[in-house]
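Please look over the sequence and the structure before turning to the notes.

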Amino acid sequence: MEDHQTTKNIKGNPYWFLQIIIIIMAVAIGALGHSLLLRYQKDFGLVRQAREIILENAIAEVPDELQLQHAMIRGMLETLNDPYAVFVEADEHEIQSDQLQGNFGGIGVQLQKDTQNNWRIYPLPESPAIKSGIQDGDVLIQVGDLPITSEIDEMAILAAIRGPNNQTIVITVQRDEVLKTFRIQRQSIPIPSATWHLLSEAPQIGMIIVNRIAETFTEEIQKAVEASREKGATSFIIDLRDNGGGLVKTGIEISQLFLENGKIIHRQDKDAQTNIVEVERPGPFSDLSLVVFINENTASSAEIVAGTLKANQRAILIGHETYGKTSIQYVFDLQDGSSVHLTSSKWWIPGVDFPLIPDVTIEMQTDEGEWIQAAIDILSNQ
């Protein structure tokens with residue numbers, strides 16, 4: 001009878017199990033909430049506390065939330081003892097990415113402030129801007145929805161001008177006290193990675209001036225060498241002065257163009273084994289005589305090119321000691337378009353010390369003619 005009665009009571013109270021489940025869930029939720037609270041207090045709890053104190057007590061104007069977060073990121077990077085770790089805001093990051101890719105959607109103008117702190121624009125030859133009627137020295141008043149003032153920095157203006165190809169941007173300028181508005185269609189504006197010419201003093205020598213080591217550079221330098229050879233060049237100067245580098249991958253590709261065989265660099269990422277990068281096949285220009293110009297601002301992937309050519313006895317280095325940057329920075333995009341640049345890899349060339357020491361030293365403040373003459377003397381005797 002007792003067993004029967006117990007079963008009857010349970011069946012007669014359908015909410016009994018539900019009440020037990022609710023109690024168990026409440027206990028679990030409470031424990032989870034307590035755990036999350038402890039974690040919240042532990043994970044950057046001091047930062048949150050300091051932020052609340054600032055918002056509640058600072059008499060000075062408090063920057064907006066995004067500016068505070070950017071400042072926190074900069075502060076974290078400063079603790080890493082990594083001189084190349086930087087935070088880059090969205091506008092500047094977009095421009096840097098465009099430069100490394102070798103092109104961008106724009107209208108082809110340069111910006112410069114005048115003595116009154118007005119932003120003036122100067123259209124490039126054959127650019128969409130000059131074809132639309134923009135003239136040298138027009139005072140920039142507005143770009144799209146962005147009013148232009150003396151306080152706005154160049155990066156913000158360039159970011160507003162740039163955008164998807166074939167889209168129209170409205171530019172307002174002031175010319176002779178008159179406002180003029182132009183509707184200009186953005187186009188892909190190539191940023192040359194290199195320029196070249198034959199030396200007038202020695203037309204058998206081609207000179208290639210490397211502006212940046214971008215994605216497009218390997219193809220551009222091949223075209224420059226081939227065009228120079230068609231005009232009679234048999235030897236070359238590669239000018240890496242004031243070149244802060246760029247893409248490591250491209251620096252390796254450039255080195256391969258001038259090498260028949262051999263090793264290029266040893267590379268090691270974080271917590272990884274050393275990777276040796278070697279010449280995959282003889283380069284198309286492995287028989288050319290080379291001189292490389294370097295100076296104190298030659299760095300990173302530009303040093304890879306110069307150091308590899310030196311290590312494989314493919315070029316004579318002329319100039320000054322290089323910068324000596326043998327680390328690689330990875331770019332990590334953040335959700336607001338900004339980025340963190342962090343050293344995550346290093347490289348070296350066995351038998352070659354960095355900073356690079358030139359084979360022929362040119363004194364500081366030496367004029368361009370002496371650089372060229374030193375190169376002519378070397379290449380004429382090879």
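Among contacts in the chain between residues at least 6 apart in sequence, what percentage join residues at least 24 apart? The share is 66%, where contact means heavy atoms within 4.5 Å. The model is predicted: local features need pLDDT of at least 70, side-chain atom pairs count only at pLDDT 80 or more, and totals for chains, interfaces and linings use all residues. Residues are numbered from 1 along each chain as its sequence is written, and side-chain values use heavy atoms, with hydrogens and water left out.

**The chain as a whole**
- The chain has eleven helices and 19 strands, taken as DSSP runs (helices H or I, at least four residues; strands E, at least two) numbered from the N terminus.
- Of its 382 residues, 38% count as buried, that is, under 20% relative accessible area with a 1.4 Å probe, protein chains only.

**Helix 9 and helix 10**
- The axes of helix 9 (residues 248-257) and helix 10 (residues 301-311) cross at roughly 20 degrees and come within 8 Å; axes are lines fitted to C-alpha atoms over the stretch in contact, with angles from 0 to 180 degrees between N-to-C directions.
- Helix 9 is therefore roughly parallel to helix 10, a term for angles under 35 degrees.
- From helix 9, Val-248, Gly-251, Ile-254 and Ser-255 meet Ser-301, Ile-304, Val-305 and Thr-308 of helix 10.

**Gln-256**
- Gln-256 lies in helix 9 and is buried, with a relative accessible area of 17%.
- Not counting residues up to four places away in sequence, Gln-256 touches Ile-264, Glu-278, Val-279, Glu-280 and Gly-283.

How values were computed
Angles under 35 degrees count as roughly parallel, over 145 as roughly antiparallel, 65 to 115 as roughly perpendicular and the rest as oblique. Buried means under 20% relative accessible area, exposed over 50%, partly exposed in between (1.4 Å probe, protein chains only).
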